[in-house]
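Student: I have a model open and want to go through it. Can you take my questions as they come?

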Amino acid sequence: MLILAAQNLAAPLLASDGISDWLRTNSGLGHHVLLDPVWILAAAVLPVLTWITLHGFFAIWLERKVSAHMQCRLGPMDVGGWHGWAQTIADGVKLLAKEDIIPRAADVVLFVIAPILVFASTFGLFLVLPFGPPIGDMKLQAHDLPLGVFYLAAISSLEAIGVILAGWASNNKWSLFGAMRAATQVVSYEIPLGIALITAVVAAGSFSLHDITIAQAGWFWNWYVFRSPFLAIAFLVLFVCNLAEAKRAPFDLPEAESELVSGFHTEYSGMRFSIFFLAEYSAMYAIGIVSAVLFLGGWYTGIPLLDNAPAAVAIPIGIAAMMGKGVAVVFVQMWLRWTLPRVRLDHIMYLCLKVLVPFAMVALLGTALWEMAVGDRSCYFAIPFAGATALVTLIALARLLALTVGGRRYQYA
Amino acid sequence: MDPKTAGALVFWGLAVFTVVPAFALLVVRDVIRCSMLLLATLSGMAGLFVVLGADFLGFVQVLVYIGGILILLMYGVMLTERDPVLLERRTDRALVAPALIAAIFLALPSFYVALELAGPRTSGPDGKLTWPTQTQLPEPVTSSRGIGELLMTDYVLPFEVVSLLLLAALIGAAYVARMGGDER
């Protein structure tokens, strides 16, 4: 019976269309079950890996520029000419050329496996992430799993094991400290993260990322972050938990540079370290896309004029909107890193267990009740809320513009 | 390659990936490497769940078993003191009794599997014995909705009892962690 069930292997995995299904139907090679993993790999691995690498180049450069400007300096300016855009490429070449040092007393097998596990779990997130609106009947994601959101939660839990392994296999007690802290933090924050993910699922009625996005079509007040106060709380909880999951400042105690040298990846050099690095930046982008899809309207610009334009116009705009939202969230993460001081471990645990978990539970309960009681009449709350948020954002942007154009006024000169 | 062979190949691949690490972790000396082999076994099981159409259960397996239980297991291993005496390999004679018990426990499912493979045999139109034509399984649907509905309707009592049990476990864990070892 198990073998009989395995014959239906293709059915649950490729039931929904995505790039993999498009490849399967349009390849002309037929529907062989054993070929299906090839399509999934071709759809998932090649474009996503390319995109992760390109985004990594861009994000690392952006981080250096953002941190520089926030610290009143310039950042990379030489390499490649304009504002040092090729700096990351130069760094990549340097890391590739470095000697691969493995400590003599380190457990070599585990030492090698650890970065692979971390990167694989982060990379696995991209299987279900959409990159833009559907082109024709092909969804612009590698594979739209019916349980997409749940898959995200499950795959990201594998990262903690890679981190523990890295700390253990380094045979270095400081690395082990960093790894234990990281595991504590990551495992604890998975709870409010899961609850916050579920709130969006409750609002949409489906685990599929595609369905959640198209439920936010229309004007920008349809976005889930504006739909109810509980969903707004859930968005904040989701964002904070994602920061902690990515071990991103202010939760970067595992890689506390001033305390543990480099935490769990102290003993890693050259290409192995760059795998951890790339995993962290891809995780940041995945967080951006997940936040955008679940709460910020996905590929919809929020202006029906643009969304309902003919496909040749709407699709590039949709892709740009999606990427733009992802990069905007990435920027906010970088902004927070260089603004807030690092949080101590017991404060991290306090925040998780005594603040985020109750808030997340209230958000979930509130969302469920809201959907039952208010449901489609949410626009009466969403429009004022979205309008107020837009107004505040516009005022802030106007003030920023005035500061940039008009120069700074030193009040205590 | 027809779907039946391909499906069998996938199943056997996953089965080997599940069973071989399970045996290997009985033999490997380093406990952390045993945890990694356990990771392989648990992921193989998750894969088998997905193949059976229970994708929700497969993801729960990854999330809970691998992302929770395995991590805490590794905590326990890494943070407790390891007596080198316990790590010495025992003599081969000491393996006889466990091997016997394992063989007995393996015999039952093997018997069931053999029965399943044999199956009832029917007579074909020309009088020769033939295997029955394999019927198609019903179209797999996402199981989360079905599970949710069942939990809220047919199985609501076990659901509530389990949540009560979890509450008791949480309170017990908090109590045990609080008292430590001083006031026993």
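Tutor: First a term: helices (H or I, at least four residues) and strands (E, at least two) are DSSP runs, numbered from the N terminus. This is a predicted model, where local features need pLDDT of at least 70, side-chain atom pairs count only at pLDDT 80 or more, and totals for chains, interfaces and linings use all residues. Residues are numbered from 1 along each chain as its sequence is written, and chains are lettered from A and ligands numbered from 1 in the order in which they are written.

Student: How many helices and strands in chain B?

Tutor: Chain B has seven helices and two strands.

Student: In what order do the elements of chain B run?

Tutor: From the N terminus, the order is α-α-α-α-α-β-β-α-α.

Student: What share of chain B counts as buried?

Tutor: 18% of its 184 residues; buried means 20 or more other C-beta atoms, placed from the backbone, within 10 Å of the residue's own.

Student: Switching to chain A: what are the domains?

Tutor: Domain 1 covers 104–136 + 145–373 and domain 2 covers 382–406, with bounds from an automatic or database domain assignment. Five residues from each domain of chain A make the contact, that is, C-beta atoms placed from the backbone lie within 7 Å.

Student: How far apart are the centres of the two domains?

Tutor: 26 Å, taken over C-alpha atoms.

Student: What does Ala196(A) touch?

Tutor: Leaving out residues up to four places away in sequence, Ala196(A) touches Ala234(A), Val237(A), Leu238(A), Cys241(A), Ala360(A) and Ala363(A).

Note on methods:
Contact = placed C-beta atoms within 7 Å. Buried ≥ 20, exposed ≤ 12 C-beta atoms within 10 Å, placed from the backbone.
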